[in-house]
Amino acid sequence: MDDRIEIEVEKNYRLSAFVEKLRKLADVLEQKKPFVLRFGGERIRIPVDATYHIEYEREDQEQEVEFQIKWSAD
């Protein structure tokens, strides 16, 4: 039986902080190293071999772009 709890955390960033996070992510991935960040009080390690995905959604007058990174938990 899997005892893992589903977690979903969202955080809003100022533009400068968002750009800084994206730049750090890109720099680390270009070096073929895992990216580590703290999110929701948890240390998250994103492996280099993760799947990278960009999604666009439009519904009525609202539009959304999501940058997604997915990997299997160890």
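**From the hairpins to the pocket**

Strands S1 and S2 form a hairpin that leaves two residues between them, and Gly40 in the turn has a positive phi of about 60°. Helices (H or I, at least four residues) and strands (E, at least two) are DSSP runs numbered from the N terminus, and two strands pair if DSSP finds at least two bridges between them. The structure is a predicted model, in which local features need pLDDT of at least 70 and side-chain atom pairs count only at pLDDT 80 or more, while totals for chains, interfaces and linings use all residues. Residues are numbered from 1 along each chain as its sequence is written, and side-chain values use heavy atoms, with hydrogens and water left out.

The pairing of S1 with S2 is antiparallel and extends over five bridges. Within it, Phe35 stands opposite Ile46 of S2. Leu37 also belongs to S1; leaving aside residues up to four places away in sequence, Leu37 touches Glu42, Arg43, Ile44 and Ile46, where contact means heavy atoms within 4.5 Å.

Strand S3 (residues 51-59) and strand S4 (residues 62-70) run antiparallel and are joined by nine bridges. Between Leu37 and Tyr56, which are 19 residues apart along the chain, the C-alpha separation is 25 Å.

The chain as a whole contains one helix and four strands, in the order α-β-β-β-β along the sequence. Helix H1 comprises 16 residues and reaches 22 Å from its first C-alpha to its last, close to the 22 Å expected at 1.5 Å a residue; the expected span is 1.5 Å times one less than the number of residues. After H1 comes Lys32, with a positive phi near 60°. The C-alpha atoms of the chain fill a box of roughly 40 × 35 × 25 Å along the principal axes. The radius of gyration is 14 Å, whereas a compact globule of 74 residues would have one near 11 Å; the value is taken over C-alpha atoms, and the globule rule is 2.2 Å times the number of residues to the power 0.38.

The largest pocket holds about 1900 Å³ of space. A pocket here is an open set of points on a 1 Å grid over the protein atoms alone, where a 1.4 Å probe fits, with protein on both sides within 12 Å along at least five of seven lines; lining residues have an atom within 4 Å of a point. Of its 38 lining residues, Val9, Phe39, Phe67, Ile69 and Trp71 are the closest to the centre. H1 (15-30), S1 (35-39), S2 (42-46), S3 and S4 each give two or more residues to the lining, and S4 supplies the largest share, seven residues.

Note on methods
Grid points are joined across faces, edges and corners, and a volume is the space filled by probe spheres set on the points.
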